[in-house]
Amino acid sequence: MFYSGAAEDKRLTFGLGPLEFERNKELIGRHLPKTGAVIVDVGGGPGVYAEWLAGLGHDVHLIEPVSKHIQQAQKRAAKLKKPFKAILGEARKLDLKDNSADVVILHGPLYHLQLRDDRIKALKEAHRVLKPNGIVLGFAINHTVSTMTGLLNGMIHDQQFYEMCLNELKSGVHNPPASWPGILPEAFFHRPSELTAEVQESGFTNTRLFAVEGMVWLDSKYFESRSNPQKKEAMMHLLKATEENTELLSFSPHLMISGRKAG
């Protein structure tokens, strides 16, 4: 399995990772009660977000299918004054009671499950365990991301990479070519409208879509700009000003959708 050899616990510390981490925390934070919520972090990996959420005073249950990540998460939790729980499991069958959570966060299921039926199962499981008026926060990868990355870095001219991009733009199905080791394994990359449709089909209402990184990562001097406080402030202002602009969502590598279970 890809994640058995990948350093997922370090991914958010380099490249666009710090922007993704900063924005995810900001977007998640807007939907949290002040303290004491029961939060289920599905696909929470080694526990980076679970640690942050537990530190805010919430009761956090991390559910993760990769044994290596569970071990890392348990070690992380053991060092905390208010530890979180890390449980081996997967999104389509959560070992949790009905109506037991205030917030369910889907960090990986919506892009690691290639089949639509499986994604719907994961969303319906989130719906089942949420309390009335509970919130689901789902993260997805945009169907444009490989193509934009390939154009910016010249990779688009490799025939296998090019064909991968065309397939993602057409179908959302991501199957990396064998000649490009290290790319995310088999996955599904959403169109924004598809993501909304799946969440609504699963019983959620009041859905809202947000760009995570938006288009600011396209700055030709992004890393230089981010290291300059004034330029970073301007970029983040632009990002927040356009985060729900439906016509610009396809520029963002990641999307977050929020939805509510009816009261």
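Author: The model contains an open sheet of 7 strands in the order 3-2-1-4-5-9-8, with mixed pairing. At its edges are strand 3 (85-88) and strand 8 (205-211), each of which pairs on one side only. On average, neighbouring strands of this sheet are turned by 15° against each other, direction ignored. Two strands pair if DSSP finds at least two bridges between them; strands (E, at least two residues) and helices (H or I, at least four) are DSSP runs, numbered from the N terminus.

This is a predicted model, in which local features need pLDDT of at least 70 and side-chain atom pairs count only at pLDDT 80 or more, whereas totals for chains, interfaces and linings use all residues. Residues are numbered from 1 along each chain as its sequence is written, and side-chain values use heavy atoms, with hydrogens and water left out.

His-61 stands opposite Lys-85 of strand 3. Together with helix 4 (residues 67-78), strands 2 and 3 make a right-handed β-α-β unit: with the strands pointing away from the viewer, the path from the first strand over the helix to the second runs clockwise. Elsewhere in the sheet, strand 5 and strand 9 (residues 254-260) run antiparallel, with 7 bridges between them. One of the residues bridged to strand 9 is Ile-135, whose partner is Arg-260.

Within helix 7 (residues 145-153), Val-145, Ser-146, Thr-147, Met-148 and Gly-150 are buried. Buried means under 20% relative accessible area, exposed over 50%, and partly exposed in between (1.4 Å probe, protein chains only).

The axes of helices 7 and 8 come within 8 Å and cross at roughly 145°; axes are lines fitted to C-alpha atoms, for helices over the stretch in contact, and angles run from 0 to 180 degrees between N-to-C directions. In contact (heavy atoms within 4.5 Å), Ser-146, Thr-147 and Gly-150 of helix 7 meet Phe-161, Met-164, Cys-165, Glu-168 and Leu-169 of helix 8. After helix 7 comes Gly-154, whose phi is positive, near 80°.
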